[in-house]
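Have the sequence and the 3D view open as you read.

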Amino acid sequence: MNVKKIFWTIIAFIIVGIYIFPVYWIYLTAFKDRATLFELPPKFIFTPVWDNFDELMRYNALQAVVNSVIVTSISILVSLLIGFLAAYGLSRYKYPGKNLMLFYIISTRMMPPIVFIIPIYMMFSYLGMKGTYLSMILFYIGVTLPFAVWMSKTFIDEISIEIDQAAQLDGFTTIDFFRKILIPMIAPGLVAVLVFSLITVWNEFLMANILSDPFTRPASVALANIRGERGFNWGRVAALELIYTIPVIILIFLIQKYLVRGLTLGVVR
Amino acid sequence: MTTIQEYRSESESESSIAVELRNLKVVLGKKVVFEDLNMSFERGRLTVVLGPPGAGKTTLLKTIAGFIDPVEGEVVIEGRVVNDVPPSQRNVSMVFQTLALYPHMTVYENIATPLSTRGFSKEEIDEKVQSLAKLLKITHTLDRKPETLSGGEYQRVAIAKCLIKDAQVYLMDEPFINLDLKIRSELRDEIKRLAETLKKTMIFATPDPSEALALGEKIYVFMEGKIVQFGQGVELYKMPKSLEVATYVGEGLFNIFKGEILRKGSNVTFATEDFSAKIPPDILADVPSEGKYTLVIRPEDIKPRRFAEDSYEFLVKGKVYTVEVLGGDTLVYYELDSGAIVKSLVNTIYRPSTGVEEELYFDPGEVLVFNEKGVPVMKWSKSI
Amino acid sequence: MEQVYLENISKSFGKTVAVKDLTLKVMKGEFVAILGPSGCGKTTTLRIIAGLEKPDKGRVFIAGRDVTNLPPGKRRIAMVFQFYALYPTTVYENIALPLKRHMSKAEIKKRVKEVAEILEISHLLNVHVNKLTIFEKQKVALARAIAKEADVYLLDEPLTLLDPVSRIKMRHEFKRIQKEFTGTFIYVTHDQFEAMSLADRIAIMNAGVLQQEGTPEEVYFSPKNTFVATFVGEPGMNLVEATVLDCNDFLKLKLGDNIISLPIETRYKEYFSKVREVLIGFRPEHVIFGSNTGLPLKGRILFKEFLGYRSLIHIDLGSERSIIAVVNKLSQFMKLNKDDIVELSIRPDNILLFSKEGVRL
């Protein structure tokens with residue numbers, strides 16, 4: 001029995017290792033100076049320096065990460081809020097055209113975003129919104145909302161309507177019902193929605209690139225633009241990437257309890 | 001010694017109506033669940049609504065609670081027409097079929113919600129929760145979450161939550177399904193005791209005839225959206241008004257024989273392909289014309305020879321098919337030549353081997369006869 | 001000759017004790033039911049006999065062989081599960097498969113036909129099991145087990161998934177099979193009525209411990225402890241706390257507000273002189289209304305329940321002691337009213353005594 005356990009633990013380590021290694025490498029690279037960077041064979045042990053981070057500060061590159069945080073958090077939170085409310089309506093109420101509406105919402109996700117580049121650019125350009133946070137936020141809400149609606153609806157459907165009715169009899173107002181009963185009951189599901197939306201938006205490059213300007217560009221775009229005099233400055237790239245990963249790690253750390261529950265909720269039935 | 005009629009009118013005279021349904025029509029989707037429905041529920045009493053799944057019991061309760069709007073007719077609670085009043089303001093409390101307890105709250109919090117949302121003080125709430133918990137024997141569960149409770153405990157909590165608020169009507173929708181026999185009878189006794197002591201108006205829906213019989217003084221038999229009989233358990237069991245009610249209340253245990261009535265002078269016989277039984281004419285209202293009839297004999301009114309009483313008459317010979325021991329009584333199944341099964345209830349543990357042939361006797365004074373339309377042709381004035 | 005012998009079997013799963021020091025004998029040709037509430041250890045016991053679980057302690061003997069260390073395949077047992085566990089193929093194949101190892105094709109054909117006839121499924125032999133009703137599937141599972149000619153047949157709550165009508169039919173099948181075909185059966189169930197109807201002997205378990213084993217009549221009329229007394233029967237036996245007043249030729253007890261005298265054997269006199277409280281047990285149907293045929297009791301009716309073929313009367317004996325009596329005749333039921341003071345009697349030989357801890361005296 002124990003041999004089995006050891007064997008599988010080793011396999012697990014190997015698999016995790018394969019995924020973590022690139023991230024680890026980048027973290028190492030962030031602390032290397034120019035010279036150590038290009039050494040072959042690559043060095044794992046060296047004296048870490050802060051050079052790359054200093055340079056980032058000089059170019060105010062951290063602003064990019066701040067932009068990412070602003071744009072992402074606003075979009076996913078608004079998307080989740082609207083999505084939840086819409087999902088509730090779609091789940092609980094009957095009205096003509098409901099199925100059509102549902103189909104329409106999901107169908108918007110069936111098209112690859114690249115189809116939209118030109119229309120969206122033209123639209124925001126005309127409105128004079130190029131380079132604003134708002135343009136990116138609106139786009140991201142548009143992209144994540146269908147998914148938020150659809151998944152939230154699935155979770156709400158799971159809850160029998162008699163809970164709503166019991167809450168009515170118990171004297172809960174609708175808002176209190178949401179706050180104290182419904183949302184806590186589907187919390188893992190909502191967190192799952194949050195995480196999927198997060199992944200979509202945080203790393204998005206294409207539209208962000210088009211819609212932002214040098215002050216509002218998020219980190220995904222900023223990374224592409226880091227150029228040194230002689231080609232890419234990998235040290236700075238790595239440093240920025242390191243900082244870029246921090247907000248996500250913090251967030252995941254805070255919500256990890258809900259993550260496993262939310263992601264496996266549909267599977268283990 | 002009282003007759004059933006006397007027994008009934010005594011209790012009716014002192015009470016008055018808490019809930020009334022007048023000419024009610026409810027439609028769900030395209031289906032008319034019931035129409036022109038008139039029902040009244042006494043204040044301070046437990047009334048049972050008995051009916052098979054799909055009869056409309058849940059719809060009925062939800063209409064009284066306000067979750068379903070009637071198309072026609074009125075729902076009247078304590079004299080007030082509440083058709084336009086939302087559920088939260090109808091002063092109604094309900095235990096749902098799926099027992100809606102909030103999973104993320106403790107038992108204490110669950111039971112307290114009807115009060116905590118309405119601004120009762122902490123002390124008041126605590127007092128009420130503790131006393132109900134004691135009454136329902138769930139004090140030990142107050143700090144736990146619903147998912148950790150056993151079936152019986154979960155039900156008790158749901159009932160406590162329903163009873164904690166002061167309402168004009170308490171609605172219970174099949175709260176005991178899926179529970180073990182023993183727990184069911186315990187909870188049943190509990191509800192009866194609560195109904196007695198708290199004197200609250202309760203409406204209890206169930207598809208289980210024995211549960212209805214055990215619970216209720218007043219039972220509405222509700223089939224396909226219509227009331228087919230209303231009365232006490234004893235009445236439904238001994239004097240069912242139609243073959244439909246008899247079959248349903250009999251729960252598959254009543255022996256139902258389809259056959260013909262033949263007359264020879266003043267003798268009336270009921271004949272099937274397996275047997276021919278003499279019916280004493282004095283139990284029938286009029287001397288029935290010859291034709292197709294259905295004979296219903298309850299299992300406790302058929303016994304194998306050694307257990308039969310002197311007044312019993314011979315029915316038929318049957319071979320033991322199987323036995324079902326029900327504690328101190330045994331239900332013995334006999335197979336007749338035609339393959340029909342006859343059920344006999346014996347008041348002891350009796351386990352003859354399969355295939356043994358026995359003579360079966362029946363109590364002629366207890367048979368029920370229904371004509372082709374399912375209408376009884378019995379004389380009901382027999383006092384018991 | 002005992003066909004199955006369990007010697008001091010114990011099994012735990014982590015901290016939970018599933019079976020505790022169980023010793024059980026099943027004779028050849030007997031139909032024994034293992035009965036108990038969920039979690040009592042009955043399924044674990046069955047699995048240990050089958051070889052699907054290994055006991056922590058103790059040994060299992062089947063037909064005289066010590067099979068404790070043998071895998072299920074080598075124990076010559078056949079098992080029928082709640083979920084009929086059929087292979088996705090025809091009925092014929094299902095029954096035949098387990099036989100292919102040691103029988104010739106011709107022998108198999110003969111055997112399958114025999115068994116199919118016994119269970120009346122001959123017309124289904126070439127049908128794929130997907131097309132069968134649940135009742136038919138269970139019959140196939142049963143046929144498959146019987147075809148194997150095992151030393152013992154193990155059944156794990158096989159009727160639970162059937163609808164009531166099919167259940168009655170299946171019971172008939174069991175009874176018939178028992179008659180036509182001598183096999184040793186061990187049947188696990190939580191349904192006491194099923195156990196009492198089908199079994200020659202019943203072994204009752206609770207929390208891993210064997211409470212009593214005996215014929216249905218024995219466990220019903222002569223329970224060895226209060227668990228069996230209340231578990232068997234619906235409602236269970238009336239158990240009332242009584243105070244010992246004194247004990248000379250007769251045992252004088254205070255039951256609620258009643259005082260009764262019971263004749264007892266000399267050997268218990270010493271025990272009762274030292275003990276203050278005792279439990280009195282009697283079945284609800286042994287309570288007779290009217291005080292001429294036994295020990296007299298007086299009580300007040302709390303309420304009555306009409307259940308169809310019988311009625312239950314809840315009676316208060318005073319000082320918070322209450323009992324349930326059964327009434328079979330409607331005329332009698334109608335005569336009794338709430339709050340009536342009634343006189344009851346119970347025949348002394350229907351009265352059982354239990355110690356306060358629940359052990360039968």
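In chain C, the C-alpha centres of domain 1 and domain 2 lie 40 Å apart. Domain 1 covers 2–231 and domain 2 covers 238–354, with bounds that come from an automatic or database domain assignment.

A quick note before we go on: this is a predicted model, where local features need pLDDT of at least 70, side-chain atom pairs count only at pLDDT 80 or more, and totals for chains, interfaces and linings use all residues. Residues are numbered from 1 along each chain as its sequence is written, while chains are lettered from A and ligands numbered from 1 in the order in which they are written.

**Strands in chain C**

Strands here are DSSP runs of E with at least two residues, helices are runs of H or I with at least four, and both are numbered from the N terminus. Two strands pair if DSSP finds at least two bridges between them.

| Partner of E1(C) | Direction | Bridges | One residue pair |
|---|---|---|---|
| E2(C), residues 16–27 | antiparallel | eight | C:Tyr5 and C:Lys25 |
| E4(C), residues 57–62 | antiparallel | five | C:Val4 and C:Ile62 |

E1(C) and E2(C) form a hairpin with two residues between the strands, and there C:Gly14 takes a positive phi near 65 degrees.

Now find helix H3 (residues 105–118) and helix H4 (residues 134–147) of chain C, which pack at an angle of about 130 degrees with axes 9 Å apart. Axes are lines fitted to C-alpha atoms, for helices over the stretch in contact, and angles run from 0 to 180 degrees between N-to-C directions. H3(C) and H4(C) are therefore oblique to each other; under 35 degrees would count as roughly parallel, over 145 as roughly antiparallel, and 65 to 115 as roughly perpendicular. C:Arg111, C:Val112, C:Val115 and C:Ala116 in H3(C) meet C:Ala143, C:Ile146 and C:Ala147 in H4(C), where contact means C-beta atoms, placed from the backbone, within 7 Å.

**Where the chains touch**

Chain C puts 29 residues in contact with 32 residues of chain B. Which helix gives the most to chain C's side? That's H5(C), with seven residues.

Chain B also touches chain A, using 17 residues against 13 from chain A. On chain B's side, E6(B) has the largest share, with three residues.

Key: Contact = placed C-beta atoms within 7 Å.
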